[in-house]
Amino acid sequence: MRIGITCYPTYGGSGIVATELGLELANRGHEVHFITYANPIRLDPGTPRIHYHEVEVSNYPLFQYPPYCLALASRMAEVAERQNLDLLHVHYAIPHSVSAFLAKQMIVNRRLPFITTLHGTDITLVGADRSYFPITRFSIEQSDGITTISDYMKQRTVEFFGIQKQIHVIHNFVNCSLYRPQPEAQAGRRRIMHISNFRPVKRVQDCIRAFAEVRRQVDAELIMAGDGPERGPAEALARELGVEEAVVFLGKQDHVERLIPKAHALHLPSELEAFGLAALEAMACGVVPVSTRTGGVPDLITHGHDGFMEDVGDIESQARRLTELLTDERLRERMAAAARQTAVERFATELLIPKYEALYAQVCEEAG
Ligand code: GMT
């Protein structure tokens, strides 16, 4: 098939999933056209059957806000015509599904179906905002196919937006050949890792507070990968709690599959996670996640078996779990093996990409 994919190309889980999906589809022989404002991260130029079409947004003195949504719609329609795309698949509802809807209307001589994948904050935060609620609901309803990444997200979308159409749950996936355990990388000090875009919803300061508790018993280090508005306050807190020597802020990272296997535990203390892709990537690497019991995380983690889930803000319990993992080698090894097994048996790319392919075939057939 010839598939157009649109996502937020910079750092963020939805863009990562969209990019990995495009790469996997291309591996399986499909022709994939990314239509975005920048080359997606994790996408190496020159990958066979992958094409990138940049959306240029020109400014004009009248525009206080340049209309990216319209430039994107124009580019989608143009690429769809020129490349004879079978469908568009947009990730993150706003504004991508609105642009796809417009592009579909612009194609006159045939039908161009589009699929919207809902990832999290597009529903829980942005879409819930009064100014975006009606257009979000409209564009989801107009989609020819709707998918989301966890049962929680499906329920939330139905309850909050009253969507009548079928919503397919296709969980996030991981390439288990790329993300794999590397015991030799774990040499040296005990290591906790956090990976996120450092937005308030990630509660990164809880990582620092829990780590300060862990440090009372274990000579561990904390690796903070990613960047965003909460990085400064987290750095200040590390200084305030006297643990700054043991906390490393790496900034944005492109190849987390090389980084994660170095850790002995992953800490994800988010307020809300629609799924928790970083936890899945860690599990595939045999790194046990300590997360919060929130949103779609229970779709992924079985508490006490392949990871731990504690209440949001319960730093004491989170620190206790992290300490257990760093000090009890048999527990860590048992849970690491179970985490890897969960990733391989339930969330491997080979299991989940065919679900997208089946949906593509279905919406194209329905479009005639
Ligand atoms: O918050 C992020 O990590 C970014 C955000 C996004 O939409 O780009 O991620 C969401 O999508 C990921 C991939 O499907 C999910 O694994 C994350 O749980 C979800 N984030 C939130 O719900 C906060």
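## Close-up views of a predicted model

**View 1. Contact between helices α7 and α12.** In this predicted model, the residues Asp206, Arg209, Ala210, Glu213 and Val214 of helix α7 meet Ile315, Ala319, Leu322, Thr323 and Leu326 of helix α12. Sorted by class, the contact of α7 with α12 comprises six nonpolar, one polar and three charged residues. Two packed helices are described by the angle between their axes and by the distance between those axes. For α7 (residues 204-214) and α12 (residues 315-327), the axes come within 8 Å and cross at roughly 55°, which means that α7 is oblique to α12. The crossing of α7 and α12 is right-handed.

**View 2. The open six-stranded sheet.** Six strands form an open sheet in the order β10-β9-β8-β11-β12-β13, and their pairing is parallel. The edges are taken by β10 (247-251) and β13 (308-310), each of which has a single partner strand, so one side of each is left without a neighbour in the sheet. On average, and with direction ignored, neighbouring strands of this sheet are turned by 20° against each other.

View 3. Strand β12 (residues 288-292) is joined to β13 by three bridges, and the two strands run parallel. Within this pair, Val290 has Phe308 in β13 as its bridge partner. Helix α7 packs on the sheet, where it touches β8 (190-195), β9 (220-225), β10 and β11 (265-268), and the direction of α7 makes about 170° with that of β9.

**View 4. The enclosed strand β4.** Strand β4 (residues 87-91) is largely enclosed by the rest of the structure, because five of its five residues are buried. In a regular strand the side chains alternate between the two faces of the sheet. In β4, Leu87, His89 and His91 point one way, whereas Leu88 and Val90 point the other way, and all are buried.

**View 5. The partners of strand β4.** Strands of a sheet pair through backbone hydrogen bonds, either parallel or antiparallel. Strand β1 (residues 2-6) pairs with β4 in the parallel sense over four bridges, and here Thr6 stands opposite Val90 in β4. Strand β5 (residues 114-118) also pairs with β4 in the parallel sense over four bridges, and in β5 the bridge partner of Leu88 is Phe114.

Definitions and conventions: Residues numbered from 1 in each chain as written. Predicted model: local features only at pLDDT ≥ 70, side-chain atom pairs only at ≥ 80, totals over all residues. Heavy atoms only, no water. Pairing = 2+ DSSP bridges. Axes fitted to C-alpha atoms, helices over the stretch in contact; angles between N-to-C directions. Contact = heavy atoms within 4.5 Å. Parallel < 35°, antiparallel > 145°, perpendicular 65-115°, else oblique. Left-handed = near helix turned anticlockwise from the far one by under 90°. Nonpolar A, V, L, I, M, F, W, Y, C, P; charged D, E, K, R; others polar. Buried < 20%, exposed > 50% of the residue type's maximum accessible area, 1.4 Å probe, protein only.
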